[in-house]
Amino acid sequence: MSPAWATQPFDDFVVYNTNLLQVLQLTMIGIHRVPREPDLLEALANYRLVSGKPEEEMPIRLKIPEAQEQARFAQMEIDSGFATVNSQILAAIWGSAEAFLHNFACQWLMNRPESILREPWSNLRVRVGEYEALDLEAKAEYLFETLEQSLGSNFKQGINRFESIFQALGLSGSVEKGVKDSIFELQQIRNVVVHKRGVADRRLCTACPWLNL
């Protein structure tokens, strides 16, 4: 059985992304209800009028223009297939994957210190005075960040973003093509969401021609 320190980053990753998907579902449910709001306010105002409470009619009617504007925007989001909320969730999922990589690697370094006795760790340039002043957790983070800079893993494409670190930990292995393709596509779309406001550019169209963008 794997030790708790090794499995906790996986558990945290699963819980976080499960919560993200629940937020996505609740958001879509809520947005679906917004276009009905103006009609409901109109009906409520009319009810107040005919029920002998005209003083309550106008405050309700004053809310209708704002509700109509919200309904218009909500309908646009619905018609787009919830493009805005999906894109934000997608960016968060990629961020959580990078956070998982960081947390797992640091836990591994703290609990498997012998890992740094081989390449590429043995070739890292470390400021000894700065390094030795750190506690155990900070040392692991220092080594992880130094390795990332050395490997340029932040700039690697798709699964290589993660496998370059796993390989350095002695944990690299085979990955199914379908998984590789999905992670590559996720990364490419995330980049467009974060840097291009979700508008497909030439780089994305060339990298993922199967999307037909």
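Colleague: How many aromatic pairs does the structure hold, and what makes two rings a pair?

Modeller: The structure, a predicted model, holds nine aromatic pairs, where rings of Phe, Tyr and Trp (its six-membered ring) pair if their centres lie within 6.5 Å. Local features need pLDDT of at least 70 and side-chain atom pairs count only at pLDDT 80 or more, while side-chain values use heavy atoms, without hydrogens and water.

Colleague: Why is the pair of F13 and F100 called tilted?

Modeller: Planes under 30 degrees apart count as stacked, over 60 as edge-to-face and the rest as tilted; the centres of F13 and F100 lie 5.7 Å apart with their planes at 50°, so the pair is tilted. F13 belongs to helix α1 and F100 to helix α5, 87 residues apart, helices being DSSP runs (H or I, at least four residues) numbered from the N terminus.

Colleague: What makes F100 buried but F13 partly exposed?

Modeller: Buried means under 20% relative accessible area, exposed over 50%, and partly exposed in between (1.4 Å probe, protein chains only). F100 has 13%, so F100 is buried, whereas F13 has 28% and is therefore partly exposed.

Colleague: How do you know that W94 and F162 are edge-to-face?

Modeller: The angle between the planes of W94 and F162 is 65°, with 5.4 Å centre to centre, and the pair is edge-to-face. W94 and F162 are both buried.

Colleague: What makes the charged end of R112 sit over the ring of W108?

Modeller: A charge sits over a ring if NZ of Lys or CZ of Arg is within 6 Å of the ring centre and within 35 degrees of the ring normal; the charged end of R112 is 5.7 Å from the centre of the W108 ring.

Notes
Residues are numbered from 1 along each chain as its sequence is written. Helices (H or I, at least four residues) and strands (E, at least two) are DSSP runs, numbered from the N terminus.
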